[in-house]
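My entries follow the model below.

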Protein chains: 2
Amino acid sequence: MTEPVPIRGLWCAMLTPLGADGDLDHARLAAHARGLLAQGVDGVVPFGTTGEGPSFSVAERCAGLETLLRAGIAPDRLLAATGATAITDAVALTRHALQSGCPRCLILPPFFWKGLSDEAVFRYYANLIEAVGDARLRVYLYHIPQPSGVAIRPRVVARLSAAYPGIIAGVKDSGGDFEHTAELLRQGARLSILAGHEPHLPRLMRAGGAGTICGIANLFPDLAAALLKPDPEPDDEARIRSFLDIVLRYPFVPAFKAIRAAQTGDPAWLVPRPPLRPLSPAERESLFAALQGAGFGIAAETGRRRAEV
Amino acid sequence: MTEPVPIRGLWCAMLTPLGADGDLDHARLAAHARGLLAQGVDGVVPFGTTGEGPSFSVAERCAGLETLLRAGIAPDRLLAATGATAITDAVALTRHALQSGCPRCLILPPFFWKGLSDEAVFRYYANLIEAVGDARLRVYLYHIPQPSGVAIRPRVVARLSAAYPGIIAGVKDSGGDFEHTAELLRQGARLSILAGHEPHLPRLMRAGGAGTICGIANLFPDLAAALLKPDPEPDDEARIRSFLDIVLRYPFVPAFKAIRAAQTGDPAWLVPRPPLRPLSPAERESLFAALQGAGFGIAAETGRRRAEV
């Protein structure tokens with residue numbers, strides 16, 4: 001394993017396809033990853049939030065990562081999401097990623113307990129890193145308090161980075177608060193700061209950020225890539241905002257999956273894992289109408305017809 | 001396996017003891033369960049919230065249940081906590097409980113996603129029950145929105161109970177809102193309604209509730225039992241409230257563990273699993289002083305000295 005390059009550019013928080021039995025669809029997962037890389041995405045993250053990671057068991061997540069590697073996805077194009085509520089599970093997932101040749105791991109804080117102190121968050125990651133016990137590990141801290149209920153504050157990031165230099169490699173900031181992101185950039189100058197909230201990308205890149213790990217890359221990688229350019233068009237940022245304004249009227253993973261199903265004409269993509277529910281045909285119809293009204297050319301007619309099979 | 005009797009009376013949400021290595025301490029777990037039953041507790045629940053269930057892997061939780069059975073705890077004194085964010089994990093834990101002779105399972109809703117609709121919560125439990133596919137299963141729904149972030153509304157309970165009569169056996173209501181509990185009693189007359197918030201017990205029992213699954217039973221089972229009597233003393237309810245007023249100034253699991261360590265003189269009890277942190281010696285000192293001031297006779301002096309080893 002060579003020294004892993006810091007993550008930069010456009011990374012996709014991959015949607016996770018399911019078979020008719022509700023199990024992980026390994027063939028579609030591999031094909032989706034290959035397709036994204038062919039479209040110019042710099043790397044893929046299986047089993048993040050957009051990928052419904054916490055809805056899959058440790059064994060399923062390990063098998064999914066192995067599938068991607070067997071499908072020829074290079075380890076330096078992979079960031080393994082290895083967080084879990086049980087530290088024993090997070091350690092097992094992280095060790096498995098390392099053993100598979102993927103030293104870069106995106107790690108959620110444990111998300112059952114609420115009101116954790118900064119000290120508790122620091123100690124959790126410290127315990128995890130020490131339990132994994134592998135200097136090759138590269139941790140990307142995952143700040144997404146909306147579902148996790150646990151914030152990773154910039155001062156915790158700075159403290160972890162000082163305690164584990166090299167191992168703490170970056171932060172995915174999906175909190176949607178640019179002040180938080182800006183403070184990360186000030187406190188963690190050596191780290192890859194990646195935004196999950198796409199409209200922040202132009203500001204992030206001007207301020208020295210590394211790029212994005214985002215969900216929109218599943219659907220419109222060019223649109224996300226446009227925001228990473230040195231001089232993005234104001235129109236591109238407006239376009240991303242208008243897309244999110246429409247999509248976030250719905251639960252976002254089922255909405256993303258509905259769009260993917262429409263784009264590919266493959267209704268298998270429609271289905272998320274419980275507790276998430278697929279959009280209803282009526283919801284899909286109104287989503288697609290709104291997107292088309294805003295100029296998003298998804299293959300909605302064809303997709304919807306096929307998706308209703 | 002005989003038809004499981006509905007859960008009634010005083011059940012203990014067991015604390016989970018750890019060894020010096022942070023692993024589950026099987027011998028202390030078995031001894032604690034036996035001790036509780038010897039003190040008159042009607043049954044025990046391993047790996048609930050007080051037992052830090054989501055901090056343990058599926059394999060650890062299965063092994064803990066097996067330990068209790070091997071230690072001679074009768075299956076009808078056990079309620080297995082089998083919820084998990086991945087439905088595949090929840091199915092595996094629930095099947096394992098059934099295969100072990102424990103058909104009664106306390107099941108958290110999946111707690112990563114927030115803002116789930118009633119339909120999503122209903123469908124999740126329906127999918128889980130159908131995936132387990134065993135008519136012997138007895139589900140106790142676990143409403144504890146403070147950490148889980150997902151409410152189980154009375155109308156969802158009623159709908160599940162109508163769809164799976166017999167299988168839906170009860171609700172543990174730890175929300176601390178007696179109006180919610182009262183609505184459960186109105187809508188789920190055939191179910192065992194168990195309160196997690198101890199001060200509600202006298203009102204619950206007058207209104208036809210079944211009893212409690214509570215954490216205080218780890219420490220003062222007599223105090224919790226007193227509130228289940230037909231005519232509890234007003235003093236007993238005041239005593240429980242004063243205990244909680246003091247303890248809830250601290251993270252409750254570390255505080256409960258500190259008291260248990262003091263009561264037993266066994267410092268191994270002090271330690272929770274990350275991300276929870278043990279109380280500091282200063283926190284323990286002020287907790288114990290406040291409890292003693294309120295008349296709670298824990299063996300604090302002896303316990304504290306030993307616990308500081």
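Definition first: I take helices (H or I, at least four residues) and strands (E, at least two) as DSSP runs, numbered from the N terminus. This is a predicted model, in which local features need pLDDT of at least 70 and side-chain atom pairs count only at pLDDT 80 or more, while totals for chains, interfaces and linings use all residues. Residues are numbered from 1 along each chain as its sequence is written, chains are lettered from A and ligands numbered from 1 in the order in which they are written, and side-chain values use heavy atoms, with hydrogens and water left out.

**Entry 1: the annotated pair**

I checked which residues UniProt lists for "binding site". The unreviewed entry gives A:T50 and A:I213. They span 164 residues in sequence, yet no two of their C-alpha atoms are more than 10.3 Å apart, so they gather at one spot. I noted that UniProt positions follow the numbering used here, feature names are shortened, and annotations may be inferred rather than shown by experiment.

I located A:T50 in the loop between β2 (43-45) and α2 (58-70) of chain A. A:I213 sits in strand β8 (residues 211-214) of chain A.

Next I looked up burial (buried is under 20% relative accessible area, exposed over 50%, partly exposed in between; 1.4 Å probe, protein chains only). A:T50 has a relative accessible area of 6%, so A:T50 is buried. A:I213 is buried too, at 1%.

Then I listed contacts (heavy atoms within 4.5 Å). Leaving aside neighbours within four places in sequence, A:T50 is in contact with residues including A:A13, A:M14, A:G215 and A:F252. With residues up to four places away not counted, A:I213 touches A:W11, A:A13, A:V45 and A:K172, among others.

**Entry 2: a histidine in a helix**

I found A:H96 in helix α3 (residues 87-99) of chain A. A:H96 counts as buried because its relative accessibility is 13%. What does A:H96 touch, not counting residues up to four places away in sequence? I got A:C62, A:L65 and A:E66.

I also looked for a polar contact (N or O atoms within 3.5 Å; within protein, one must be able to donate a hydrogen and the other to accept it, and residues adjacent in sequence count only if both atoms are side-chain atoms). One of 2.5 Å joins the side chains of A:H96 and A:E66.

**Entry 3: cysteines**

How many disulfides (cysteine sulfur atoms within 2.5 Å) does the structure hold over all chains? I found zero. For B:C12, the nearest cysteine sulfur is that of B:C214, 6.6 Å away. B:C12 is buried, at 0% relative accessibility.

B:C62 is buried, at 13%.

Notes: Disulfide = S-S within 2.5 Å.
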